[in-house]
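Biologist: Could you take me through this structure and tell me where the words for it come from?

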Amino acid sequence: MDRRTFLAQTTLVAIGLSGCAGFRSRAAVVALPRRKAVIVIGAGLAGLAAAFELIEAGYDVTVLEASERPGGRVRTLREPFSQGLYAEAGATVIPDHHDFAMRYVRLFDLPLGPFAPRVSGRLYYVRGRALRVTRGTPIPWPFDLTSEEERLGLAGMREKYVDSLLPDLGDVAAPDWPADPRLEAYDRMSGEEFLRSRGASPGAVALMRIGYFDLLGDGLESYSALSMLRDLALARKQRQTFAIVGGNDRLPAAFASRMAEQMRYRTPVVRIEPAPDSVGVITRDGDGFRRWRADHLVVAIPFSVLRTVEVSPPFSRPKQAAINGLPYTSITRVFFQVRRRFWNDRQLPSFATTDLLSTWIFEPTVSQQGSSAILACEAGGGQARRLMALPDQERVALAIEEVEHVYQGLRANVELTASICWDRDEWARGAYCWFRPGQMRSMLPHIVASEGGIHFAGEHASAWPGWMQGALSSGVRAALEIIEGR
Ligand SMILES: Cc1cc2nc3c(=O)[nH]c(=O)nc-3n(C[C@H](O)[C@H](O)[C@H](O)COP(=O)(O)OP(=O)(O)OC[C@H]3O[C@@H](n4cnc5c(N)ncnc54)[C@H](O)[C@@H]3O)c2cc1C
């Protein structure tokens with residue numbers, strides 16, 4: 001159906017005036033015009049994309065956002081850094097094949113810069129040794145590998161044990177994937193069981209898990225092998241990664257500036273009231289509460305937060321089970337502003353993978369000018385929670401001690417520090433969703449499915465969990481569900 005047809009469709013949207021049981025009775029009148037009304041909860045990229053497309057289609061949209069800014073887990077840190085430097089607390093790179101992300105970046109005319117180390121290759125710090133990895137050069141890995149694995153090297157092992165299987169997975173971005181029952185076995189296995197089942201030796205598993213494989217969930221043993229395989233299958237087309245010049249938060253800001261009239265900040269939703277022909281929503285409003293009503297609702301907040309929102313009458317049992325049971329990865333990042341890029345003295349790449357608490361070390365300022373720069377390190381899962389449990393100064397001190405093993409000279413060059421623990425963010429409660437063994441096939445359909453006039457968006461409700469692409473594509477999908485009456 002033509003988007004503009006909806007301009008012609010008018011529906012009286014009645015707004016309840018009374019207070020509601022369990023909430024204070026101070027409710028305000030919110031007068032919405034006589035068009036099909038949609039409330040979007042959450043101004044992350046999922047909610048923003050849904051709202052943007054629905055406005056284009058002629059709907060009367062209101063976006064209710066708990067915090068004072070758009071973007072959610074796309075958050076650029078400019079403070080406490082100086083000299084115009086910035087770093088990303090959350091979403092960092094845009095892979096070139098992420099078509100939804102690229103489409104909106106282009107639509108809003110946002111400039112992209114490459115996000116890759118200026119010196120090629122990757123640094124590994126494992127078992128107390130620093131190793132420089134460049135394509136085609138044999139590395140004396142301090143792991144007990146078979147002679148074949150030694151010959152294959154890290155890239156060859158990845159190809160043999162993992163990548164060679166990816167074409168068999170089918171179209172992993174298709175809405176009904178993973179319907180093929182043959183994939184069930186991979187869903188029941190953990191990532192570690194999968195690698196072992198493919199013939200990887202214990203030494204190869206110990207080496208391969210460092211970095212990517214251990215950064216999701218609570219590490220390789222914790223998550224569904226099928227979720228890992230989907231992520232890798234989707235990444236196969238990636239050739240380059242970018243970041244938005246000036247900060248990735250320019251993308252949500254661009255959406256929000258075009259919808260300024262529809263945005264309501266500092267408006268946390270505390271209750272959802274599904275009804276046969278409409279949906280009610282209660283927000284906290286200063287000392288009181290406000291009631292809203294619309295024809296459709298797009299819920300674009302993480303399930304980690306949605307499980308704290310009252311829903312009455314409740315969602316279906318499988319939906320509520322998915323909301324309650326979907327786990328989120330803990331991520332802690334620590335940032336160091338340094339006087340100069342001291343790693344250049346030894347011609348080291350400014351990206352490293354380690355078996356320390358901070359699994360990943362990288363330079364967020366690769367494309368930024370000036371002599372000062374920022375180095376960041378990231379811990380995931382239990383390691384992130386260990387860092388989070390420390391007082392701020394101790395967290396930073398431990399991170400410096402660790403990164404100093406890899407990049408000697410950090411302590412002498414640090415000017416400013418900052419850290420972020422995503423579990424502590426009230427409106428995120430974790431970095432991104434992950435799937436325990438068995439959850440992909442049992443939960444996926446119930447995460448995405450709409451319930452009456454209520455539609456679900458967010459990275460978790462997409463084929464690209466943990467990516468801006470996932471958030472944006474799910475927002476567009478939710479908008480289309482409404483536009484097409486699905
Ligand atoms: C550490 C980290 C690294 C990442 N790296 C990358 C990367 O390199 N590349 C990439 O593409 N992606 C990356 N991501 C993932 C990306 O940031 C997310 O997938 C995406 O931003 C999620 O968008 P969303 O709209 O689904 O959710 P969110 O961004 O979480 O948006 C939800 C919004 O809802 C609001 N909200 C929550 N509760 C309520 C409520 N009760 N009422 C009203 N509003 C509410 C929140 O304040 C928030 O604004 C990373 C994320 C993290 C945390």
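What follows is a talk about confidence, helix contacts and sheets.

Modeller: Happy to! This is a predicted model, where local features need pLDDT of at least 70, side-chain atom pairs count only at pLDDT 80 or more, and totals for chains, interfaces and linings use all residues. Residues are numbered from 1 along each chain as its sequence is written, and side-chain values use heavy atoms, with hydrogens and water left out.

Biologist: What is the average pLDDT of the chain?

Modeller: The average is 91, and 93% of the residues score at least 70; pLDDT is the predictor's confidence in each residue, from 0 to 100. Over residues 1-29, however, the pLDDT is below 50, and this stretch has 69 contacts in the model beyond near neighbours in sequence. Contact here means heavy atoms within 4.5 Å.

Biologist: Why are α2 and α3 called oblique to each other?

Modeller: The axes of helix α2 (residues 45-56) and helix α3 (residues 99-107) cross at roughly 60° and come within 13 Å. Axes are lines fitted to C-alpha atoms, for helices over the stretch in contact, and angles run from 0 to 180 degrees between N-to-C directions. Under 35 degrees counts as roughly parallel, over 145 as roughly antiparallel, 65 to 115 as roughly perpendicular, and the rest as oblique. So α2 and α3 are oblique to each other. Helices (H or I, at least four residues) and strands (E, at least two) are DSSP runs, numbered from the N terminus.

Biologist: Which residues of α2 and α3 make the contact?

Modeller: Ala49, Phe52 and Glu53 of α2 make it with Arg103, Tyr104 and Leu107 of α3. By class, that gives four nonpolar, no polar and two charged residues. Nonpolar covers Ala, Val, Leu, Ile, Met, Phe, Trp, Tyr, Cys and Pro; charged covers Asp, Glu, Lys and Arg; the others, Gly among them, are polar.

Biologist: What makes α3 roughly perpendicular to α16?

Modeller: Their axes cross at roughly 80° and come within 7 Å, with α16 spanning residues 468-483. That angle makes α3 roughly perpendicular to α16. In this contact, Asp99, Phe100, Ala101 and Tyr104 of α3 meet Gln469, Leu472, Ser473 and Val476 of α16.

Biologist: And at what angle do α11 and α15 pack?

Modeller: Helix α11 (residues 317-325) and helix α15 (residues 439-448) pack at about 110°, with their axes 8 Å apart. Therefore α11 is roughly perpendicular to α15. The contact of α11 with α15 has six nonpolar, three polar and one charged residues.

Biologist: How many bridges join β11 to β12?

Modeller: Five bridges join β11 (residues 269-274) to β12 (residues 279-285), and the two run antiparallel. Isoleucine 272 stands opposite valine 281 in β12.

Biologist: In what order do the strands of the seven-strand sheet come?

Modeller: The order is β8-β7-β17-β18-β19-β16-β20, in an open sheet with mixed pairing. Its edge strands are β8 (129-133) and β20 (414-421), each of which pairs on one side only. Five bridges join β7 (residues 122-126) to β8, and these strands run antiparallel.

How values were computed
Two strands pair if DSSP finds at least two bridges between them.
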